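Q: Could you walk me through this structure, starting with its strands and then moving inward?

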Amino acid sequence: MQSTHTLRHREIPLDDSWDVIVAGGGPAGCTAAAAAAREGARTLLVEATGALGGMGTGGLVPAWCPFSDGEQIIYRGLAEKVFAECRAGMKHVGADALDWVPIDPERLKRVYDALVADAGATVRFNTMLAAVEAEGGEVSAAVLCNKAGLTAASAKVYVDCTGDGDLAVWAGGDFEKGDADGAMQPVTHCFILSNVDEAAFLSRPKSRPSDPACPTRKMADDPNYPLVKDAHFCHNLVGPATMGFNTGHLWDVDNTDPAGLSRALMDGRKLADQLRAGLAEYDPAVFGDAFLAATGALMGVRETRRIVGDYVLTLDDYLSRRSFPDEICRNSYYLDVHFTPAEAAAYARGEMDLAARSVHYGPGESHGIPYRCLTPKGLANVLVAGRSISTDRRVQGSTRVMPVCLAMGEAAGLAAALASAGDADVHAVDTDALRARLRAHGAYLP
């Protein structure tokens with residue numbers, strides 16, 4: 001049985017000057033803070049690391065998931081602005097490229113800095129959400145931890161962009177987690193290799209995990225690389241002779257378990273080193289002299305908690321390409337739920353029907369995400385944006401990626417500003433007015 005410690009009663013400094021507080025500076029948090037501040041709300045963005053951008057920067061995810069529905073860009077507004085400004089600094093990427101576009105993580109950090117600062121939001125780096133003060137479904141303060149010690153900040157409305165739904169859950173919100181047994185998708189520790197033979201890489205077709213000659217498939221059967229368990233192999237040229245990798249899986253990792261996550265980060269660094277060595281062995285023309293330049297400061301976490309909102313987006317909604325009167329963005333990404341170990345083995349044996357598992361839309365198809373997926377049941381002044389919004393598990397495999405997180409973040413920030421100007425009840429926001437304001441800022445809401 002775990003022992004407990006009772007905190008000594010004491011007072012801590014409180015900053016109650018905010019209209020909106022956004023917890024988490026990933027894609028959703030950045031657009032939420034920028035959108036709220038743009039509307040004139042006094043906005044504080046709290047980020048646990050030293051840079052904005054989450055998985056696209058600290059996590060070293062090497063490419064954007066598609067920004068188009070196969071015909072046109074559908075993640076617009078602030079999402080399109082971030083994407084276009086990041087792409088513009090990459091000379092090897094076409095100016096009209098929309099799908100699986102590489103990411104320069106250092107440039108993207110500066111893009112997010114400018115987005116938030118230019119909108120007038122205040123950022124606190126290296127600051128973690130430590131606790132939430134709430135009663136009767138209403139949050140009164142966020143307890144923060146940084147080099148100033150413990151402090152508190154209060155606002156009229158709070159936007160949870162932590163990815164894990166920390167703020168909403170600590171305030172008393174309901175959630176679901178993983179599958180029926182609590183198992184979650186594997187994580188990936190992304191990394192960067194430099195000194196890659198760019199000419200050799202570009203002279204031939206890109207390796208796919210389904211290709212028997214794929215180097216990670218060979219590594220998975222090689223006892224010299226014990227952490228390489230399957231053929232997962234995504235990689236992009238992110239700069240001159242520099243390649244980013246979203247490659248390899250680690251299972252049974254829960255981002256809300258600090259001990260387990262710490263072990264996984266150590267294993268992830270070992271895995272990155274094994275992958276570099278294996279690539280040099282099995283694909284020496286491209287990777288023979290490659291150098292492991294960086295591993296992500298953040299683990300690539302695909303799922304943990306899903307907050308239960310006023311509406312739960314379902315698989316049937318996805319398959320029906322459903323529209324909603326209160327939808328705040330559109331989404332066209334496929335159902336991307338990564339394999340369990342048993343499924344990975346079945347896939348390697350050719351026994352997995354990917355078409356049935358990973359449903360893809362046709363050109364021009366998308367579905368709506370209703371505002372009600374961003375409003376946690378039972379919490380009056382809290383919104384959620386990012387991978388922890390209210391969906392079922394299969395749909396979360398689609399709504400978890402960065403383009404849609406950018407779009408829903410903008411909607412959440414704008415809604416927070418509207419609510420803070422009134423009675424702070426996020427459930428009472430006029431969604432017609434919200435959608436009109438989003439359209440005015442360029443959102444795609446057909």
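A: Strand β6 (residues 138–146) and strand β7 (residues 149–153) run antiparallel and are joined by five bridges. Strands are DSSP E runs of at least two residues and helices are H or I runs of at least four, both numbered from the N terminus, and two strands pair if DSSP finds at least two bridges between them. This is a predicted model, in which local features need pLDDT of at least 70, side-chain atom pairs count only at pLDDT 80 or more, and totals for chains, interfaces and linings use all residues. Residues are numbered from 1 along each chain as its sequence is written, and side-chain values use heavy atoms, leaving out hydrogens and water.

Q: Which residue is the bridge partner of leucine 144 in β7?
A: Leucine 144 has threonine 151 as its bridge partner there.

Q: And what is the strand order in the open sheet?
A: The four strands follow the order β1-β7-β6-β5, with mixed pairing. Because β1 (14–15) and β5 (128–135) stand at the edges with a single partner strand each, one side of each has no neighbour in the sheet.

Q: New topic: is asparagine 236 buried or exposed?
A: Asparagine 236, in strand β11 (residues 233–239), is buried at 11% relative accessibility, where buried means under 20% relative accessible area with a 1.4 Å probe, protein chains only, exposed over 50%, and partly exposed in between.

Q: What does asparagine 236 touch?
A: Leaving aside residues up to four places away in sequence, its contacts (heavy atoms within 4.5 Å) include Trp100, Lys206 and Met243.
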